Amino acid sequence: MDELVQSLKTVLANEYAFALKAQNFHWNVEGPDFKQYHGLFGDIYEEVYGSVDTIAERVRTLGAYAPGSFSRFSQLTEIEDQVEIPTAKSMIQKLVDDTSIVLDSIIRCYELAEASGNHGLSNLLAERQAAHDKHLWMLTSTLKINRA
Ligand SMILES: [Fe+2]
């Protein structure tokens, strides 16, 4: 149970840090494709923020307190903090790389949830995996060069 709780707290912190980075990029992206990037980053952070409340309440359901402060999130998250403002293309690449980290943590937690017979939690984690798969598709498609 403790391992499952810790794993879920890491998922929560990863989701929160990922959403914050996407929102940071939504605010600060610049360049000729501003509107496209601003919109994509906006869609992503809104979707991910929309998931954190449910994940935090799942931590409570497991009998633990949910981390809810910047210091706790920065202790728990595996996502690197973003202070500098990257180029638009680099923002996309960073979110692609971070998506792999978020997905790894979701899959680890899913296996623990299944092992403990917590199908409600594994169902939520499967939904989070599908949501990030979709974000990854949109991000990687943005990086592709158009064929002539
Ligand atoms: Fe906005």
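Five aromatic pairs are found in a search of the whole structure. Rings of Phe, Tyr and Trp (its six-membered ring) pair if their centres lie within 6.5 Å; planes under 30 degrees apart count as stacked, over 60 as edge-to-face and the rest as tilted. The model is predicted, so local features need pLDDT of at least 70 and side-chain atom pairs count only at pLDDT 80 or more, while totals for chains, interfaces and linings use all residues. Residues are numbered from 1 along each chain as its sequence is written, and side-chain values use heavy atoms, with hydrogens and water left out.

One of the pairs joins Y16 and Y49. Their ring centres are 5.4 Å apart and their planes stand at 80°, so the pair is edge-to-face. Distant parts of the chain are linked here: Y16 lies in helix α1 and Y49 in helix α2 (residues 34–61), 33 residues apart. Helices (H or I, at least four residues) and strands (E, at least two) are DSSP runs, numbered from the N terminus. Y16 is partly exposed, with a relative accessible area of 26%. Y49 is also partly exposed, at 23%. Buried means under 20% relative accessible area, exposed over 50%, and partly exposed in between (1.4 Å probe, protein chains only).

Y37 and F41 form a stacked pair, 6.1 Å centre to centre with 25° between the planes. Both residues lie in helix α2, four residues apart, about one turn of the helix. Y37 is buried at 12%, and F41 is buried at 0%. Ring pairs also link Y16, Y45, Y49 and F73 into a cluster.

H132 sits in helix α5 (residues 119–143). Its relative accessibility is 0%, so H132 counts as buried. Beyond its neighbours within four places in sequence, H132 is in contact (heavy atoms within 4.5 Å) with E15, F18, V48, T99, V102, L103 and I106.

The largest pocket holds about 300 Å³ of space. A pocket is an open set of points on a 1 Å grid over the protein atoms alone, where a 1.4 Å probe fits, with protein on both sides within 12 Å along at least five of seven lines; lining residues have an atom within 4 Å of a point. Its volume is the space filled by probe spheres set on the points, which are joined across faces, edges and corners. The lining has 14 residues, and A17, L20, F70, S74 and D81 lie nearest the centre. Two elements give two or more residues to this lining: α1 (2–28) and α3 (70–76). Six residues, the largest share, come from α1. The lining comprises seven nonpolar, four polar and three charged residues. Ala, Val, Leu, Ile, Met, Phe, Trp, Tyr, Cys and Pro count as nonpolar, Asp, Glu, Lys and Arg as charged, and the others, Gly among them, as polar.
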